[in-house]
Amino acid sequence: MNEERKEEFTKENMVPNEPNAAILIDALQNIGYDNISAITDIVDNSIDAGSTKIHIQLEKENESLKITIIDNGKGMTKDVLDEALKLGSDTLHDGLSDLGKFGMGLSTAGLALANKTTVFTKNADEDIVYKSMTDVNTIKHENAFVKWLCEADELDRMRFEHLVNNESGTIVILEDCIGIKQNEFSTLKGKVIKNLSRIFRKFMDRTEFWVNDTKITPDDPLRLDNEEFSGTLISEDDYDVKWKDIEGIERQGTVHIKIASLPECPRPVASKLGINMKNQGFSVVRNNREILFGYLPDWEGIVRHNDLNRFRGEISFSSDMDFAMGVNFRKNGIDMVDSIDNALRVQISPQIKTVRKKYEPATETSDEEKKEHTLAQKIINKMSNTLTLPKVKKEIRNSKEDKNDERKENEDLPKTEKSRTPIKTENINAVAEFELKHMGETGNIFGTSQVGKKIVISWNIDHVFYKKFIAENIANENVVRFADFLVYTLASAQIQYMADDEEKLIIMDNIISTMSANIRNLLKN
């Protein structure tokens with residue numbers, strides 16, 4: 001009989017398993033950082049240190065580039081500096097505020113940018129400037145992860161105090177920069193300014209950012225406070241979400257989302273402002289720091305299109321949601337867990353599709369006529385928790401293995417036949433608002449859009465149905481209320497399909513369009 005053999009692991013049979021440094025260092029230098037991501041990762045440390053001024057100097061040195069990042073933050077002790085240049089450093093981070101929490105920032109970003117990284121730092125509690133240096137050529141020669149760590153000499157100390165001009169601070173010097181070609185030197189400064197002005201825009205009210213002799217000013221992609229060609233805020237809401245962590249424990253958090261529309265402007269201006277397909281979508285902000293720009297979720301019916309060139313949004317969350325939002329240690333993207341993706345899709349997808357619609361001029365109707373629709377609006381809003389709306393469907397992806405298996409199963413299926421496992425979701429918010437608009441005699445009886453958590457129903461006062469059935473019976477509140485209830489039920493279904501099913505949305509749109517056309521023809525006779 002074969003008995004199952006159990007391996008016992010004890011300290012006695014445990015042996016070191018250190019990597020081959022000379023081989024691993026090449027992999028680390030090609031880990032996927034681009035130049036901007038690596039620079040901003042180092043700047044994260046400066047912000048975490050409470051710096052009020054961060055200065056980035058770019059200069060040519062022989063045939064290479066030298067990057068110096070200077071801050072006046074709290075600096076580091078010798079022990080903290082020792083940890084900072086280790087891979088997977090073990091330094092304390094506040095999950096709700098700090099930006100560099102993965103312990104890979106300075107060391108990995110330095111390796112991705114340059115063959116030589118030197119750090120000078122001074123902590124306010126010590127009158128000592130410490131110096132540490134990592135050199136790729138030395139690591140390869142020694143085939144070991146080694147670095148220099150010592151007190152700075154008098155010349156380095158004088159240079160440090162001249163550049164920092166504060167009782168504490170840090171200087172990071174990157175030399176023999178790799179991956180930056182000589183013909184990129186002239187454009188690199190502008191590229192760094194452009195990206196940092198957007199990525200760290202929310203910190204610029206308390207921290208000065210400089211690149212060489214240029215002070216960086218904040219660049220809000222939504223352009224909400226811009227004096228010229230200002231954007232329009234459409235909605236701004238907090239969305240409560242739930243998910244299960246890797247141990248199966250249910251967690252909850254809040255995602256803050258803004259939806260905005262950029263101004264309509266002449267083509268040369270639009271080109272200068274970056275109003276194009278590449279930039280449309282969301283700015284993803286973690287702990288007030290942008291980690292992704294031009295993000296469009298992978299939701300059905302949401303694709304890059306010229307009609308969305310003016311659409312901008314902002315998704316904000318704190319770093320304690322990193323697992324749920326799928327943030328990697330490079331902080332350059334997200335991959336939301338399904339429960340959050342599903343919850344946000346139901347609420348946000350209809351809003352994106354609403355923004356895509358052309359703006360229609362509002363009618364100038366009397367306040368008295370507008371008030372006739374408030375009764376139904378109040379009743380709907382009061383009963384919002386009891387109203388039943390259609391359920392949406394969303395594929396369940398419990399793990400990466402499940403995703404891979406599902407992809408394999410779906411490879412041979414036509415696009416419209418991809419397998420989807422339905423699950424129930426909570427109803428979207430049933431709050432409604434009625435408005436009156438000119439939409440043309442041949443337009444639909446009503447239009448539907450979503451603004452934040454509110455369903456907006458636009459009565460078409462040009463349609464013969466509104467003129468004969470509502471306007472002529474405006475004093476009869478029962479007639480008006482019944483009509484409002486009827487179009488609300490159709491609009492709520494339409495909103496659900498905007499979020500969930502493009503094919504059903506087309507069918508629903510056709511139903512409303514056919515109904516509008518037939519009623520128009522019948523009432524004209």
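Mentor: One term before we start: contact means heavy atoms within 4.5 Å. This is a predicted model, where local features need pLDDT of at least 70, side-chain atom pairs count only at pLDDT 80 or more, and totals for chains, interfaces and linings use all residues. Residues are numbered from 1 along each chain as its sequence is written, and side-chain values use heavy atoms, with hydrogens and water left out.
Trainee: OK, what is H463 in contact with, leaving aside neighbours within four places in sequence?
Mentor: G440, E441, G443, N444, I445, S516, I519 and R520. Take I445: H463 is 18 residues from it in sequence, and their C-alphas are 5.9 Å apart in space.
Trainee: And is H463 buried or exposed?
Mentor: H463 has 0% relative accessibility, so it counts as buried (buried is under 20% relative accessible area, exposed over 50%, partly exposed in between, with a 1.4 Å probe and protein chains only).
Trainee: Switching topic: how many residues are in the largest nonpolar core?
Mentor: 40, and I56, I67, F200 and F209 have the most contacts inside it. A nonpolar core here is a set of buried Ala, Val, Leu, Ile, Met, Phe, Trp, Tyr and Cys residues joined through side-chain atoms within 4.5 Å.
Trainee: What does I56 touch?
Mentor: Not counting residues up to four places away in sequence, I56 touches I39, V43, I67, T68, I69, L196, W210, V211 and N212. Another core lies apart from that one, with 29 residues, including Y239, V255, V327 and I348.
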